[in-house]
Amino acid sequence: MARDPVLTFTDRGIYCPAGDFFVDPWRPVDRALITHGHADHARPDHRRYMATPAAAPVMRFRLGDIAIDTLPYGETRRIGGADVSFHPAGHVPGSAQIRIEVAGEVWVVSGDYKIEPDGLCEPFEPVRCHAFITECTFGLPVFSWAPQAQVMAEIDGWWRACAAEGNTAVIGAYALGKAQRILANVDTSIGPILTHGAIENTNEVLRAQGIALPDTIRVTPEMDPKDHPGALVIATPSALGTPWMRRFGPVSTGFASGWMRLRGVRRRRAADRGFVLSDHVDWDGVNSAIAETGAERVFVTHGYTSIFRRWLEDQGYDARIVETEFTGESLDDPDPQQETAQ
Amino acid sequence: MKRFADLFAQLDQTTRITPKVAALAAYFQDAPEDDRLWTIALLSGRRPKRTVTTTLLRTWAAERAGIPLWLFEESYPIVGDLAETIALVLPPATRGSDRSLTDWIGVIRGLSALDEDARKTAILSAWNSLGPLERFLFNKLITGGFRMGVSQKLMTRALSQATGIDEAELAHRLMGDWTPETTSFDALVLTHDPAADLSKPYPFYLAYQLDDPPEDHGSPGDWHAEWKWDGIRGQLVIRGGQHFVWSRGEELMTDRFPELAAARDFLPDGTVIDGEILAWGDGAPLPFNALQKRIGRKTVPKSLLRDAPVIVKAYDLLEWQGEDIRARPFADRRALLDRLVGALPPEAPVRLSPLIAFDCWDALAATRATSRDKGAEGVMLKHRASPYLSGRKKGDWWKWKVDPLTIDAVMIYAQQGHGRRANLFTDFTFAVHDGDALVPFTKAYSGLTDAEFRKITAWVKKNTLERYGPVRAVKPEHVFEIAFEGIQESPRHKSGVALRFPRMSRWRHDKPVEEANTLEDLRAMLAAYGQGGKVGVDAVTPQETD
Ligand SMILES: [Zn+2]
Ligand SMILES: [Zn+2]
């Protein structure tokens, strides 16, 4: 008799029959293993959650009083007939790939991940497996990222020029992950750094769990931006171009995202500067990550799935598409949880 | 090329006009003269002749990137631009280069003398010595379609700032049949002799749509009205025993419309007429697709000359007896035009576009409502005293188009957009009810706001029923109002109709699917509006015609 697969794909999300749990489910379930705290992966209303200790504080902050069990990277927990462990995904602080072993067969759910260490979160570690469920948000050969140091130098150069011309540099970035990555890597000697409320809330949670971030000043109705000349303002993407920005006087706007690699998208976004900076893997990254798992079966989620699957088949993999409700790196859709957290 | 790439980056990095013009003006002061000339050429739609086919470029790029050609081809529509796709897939360059823009254009032009292997070597070597942005620009120079986010108007303004020459004068100098090979920066821009170029048209005067009631613009007695024909706006230039036909897009179209050569038999040298090129038969415009067939052909077969003959409907007179009369009042120019064209015999390919008599605005509104029957898309209002200005200006001229036709339809298929909209669903197919079935009848791409496109994109992702390659069948759940300019019978389409310029004018959140229109409604519209002889095919590139 054929064995059940380690994971199956249901309309509630990725399910493990042997352990009776879901990974990043999008409808309420009894037990949910969560790769990371972004809204499309960590949803409300599950009965029990499991995540890494570093991912838990943000989840609690955003989802409220949830029952959450933590499992440090590399430790194994038995759930029903499955052995489960979390491994760094390099996406945002606390983000994990989830390894699930049932009767000697190993499957790994990547969640969102990137390869290059970013100086903020635990660097990505490849995990050997038989089947790999990978994101492919940027799974096209046109997406390749320059080294982080180069992008940060571009951001620094832009900030410096803005400061010299008396403009405020306002950069749009996700409240969890991208904002702190910029914060942790820009040249803080250029000037003060102001943060949008939603971002500062996340900063506070991360600082409280021991992650070192440079000093920031929260933008509030009472503060006067004129007291902080030459500042870099880190804003949520949805705050760019809204009346919230008026207080800063003359501004130059920037936007940090993998999508900025495409000139057309950059122009539609109508920011003055686009910085190609993503917390997802690029083309070379996703291909090397898959190769390093040693997996023969690959399931692809969010992104250019049908093209990427064909490419993997060409390379000799048994590749399939998994329909999910993960949104990948979205340019415009604000993370609704973050936006209400002002 | 670095200086040019810097300029491009500066223009690309801001959406504000002032810094764009300043960057360009600085470039016109400090770039090498040949590069300035080429930049003017590129920004006014001129480019070097294509010396490598895009098929070869794609093949070489895929090969160099180490990816199969199909993967390159799948990536291209997502990026939306061939030059950019090539630049993005290639591995980083290993060398640098200090060659100027003009030098690189020389390399591209030199390719035509080489065999295929040598061309490939030259291209690969160029790709390997250019930075990412320079490489994109190099590819753009080969493939054409240069867009730098700067209109010709802004370019002219920058050049005016850099040289101190009046903007309108410069606009005129930059028109005509020149290329960087046939002139120099000095001859074209600085020491310009207008008599040197017989073919040169005048910059077109373009009108804005009238949005407020005409009463707000004063007394009817101050205004002339005429039909706004739906053809190709153009200028007919007759000088030195020759004639030249220019489109509004500054394309020389003389050879496409050989029947207009007969104008020389009826009009004297030193005449420039602004008018509308129309396919014409039996005293009315032929359906627009008749003209479309003509636009597509560089040489015209006899059968087409017979089936879709063109004429110029004359709106205005810009040059009379060799004199530029654009500064004179419209009423005076129009009177001269009348004398010149009004009495021509029917075999002349130039006809007067008649003025519409009206004594009050209500009367004009009533006439305008009959535009579709006339084969016109509305009326033009021109102030009696208006000079012929250059470019799109408010105040003296207005176009007053008829309202579009509309129908409420159900979205049934969705497809991802390209370029600017690569990560959004923007291309949709719409259907009307036919009994229990939904019959697709049109596609539409435009009309929604970015926010609406984002919303529908999120919805499509969650409500896909089936995929056919890039096309997704979605739940028939949303109703949109589709606006269009015309409708005509089309046996090629399942629905039997084709629309002209369809777009989404409104997302009808308020309408359940059951209340969308029916095929019967569509056929009724065909019966009511389809005979006007004005409509054409869908899926043609909208030809801006004012
Ligand atoms: Zn994520
Ligand atoms: Zn995700």
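## Asp112(A) and the zinc pair

In this predicted model, Asp112(A) has a relative accessible area of 2% and is therefore buried. This residue coordinates both the zinc ion (ligand 2) and the zinc ion (ligand 1), which are 4.0 Å apart. His41(A) and Asp112(A) link distant parts of the chain, being 71 residues apart. His41(A) belongs to the loop between β4 (31-33) and β5 (48-51) of chain A, whereas Asp112(A) belongs to the loop between β10 (105-109) and β11 (131-136) of chain A. His41(A) also counts as buried, because its relative accessibility is 1% and the cut-off for burial is under 20%.

## Geometry of the ligand 2 site

## Helix α5 of chain B

Helix α5 of chain B spans residues 69-79, and its buried residues are Trp70(B), Leu71(B), Phe72(B), Ser75(B), Ile78(B) and Val79(B). In an α-helix, residues three or four places apart point the same way, because each turn takes 3.6 residues.

The cover over the buried residues of α5(B) includes elements from two chains: α6 (283-293) and α7 (305-314) of chain A, and α4 (54-65) and α6 (82-89) of chain B. After α5(B) comes Gly80(B), with a positive phi near 90 degrees.

Technical notes
Residues numbered from 1 in each chain as written. Chains lettered and ligands numbered in written order. Predicted model: local features only at pLDDT ≥ 70, side-chain atom pairs only at ≥ 80, totals over all residues. Heavy atoms only, no water. Donors = N, O, S within 2.8 Å, 3.2 Å for Na, K, Ca; no water. Helix = DSSP H or I, 4+ residues; strand = E, 2+ residues; numbered from the N terminus. Buried < 20%, exposed > 50% of the residue type's maximum accessible area, 1.4 Å probe, protein only. Contact = heavy atoms within 4.5 Å.
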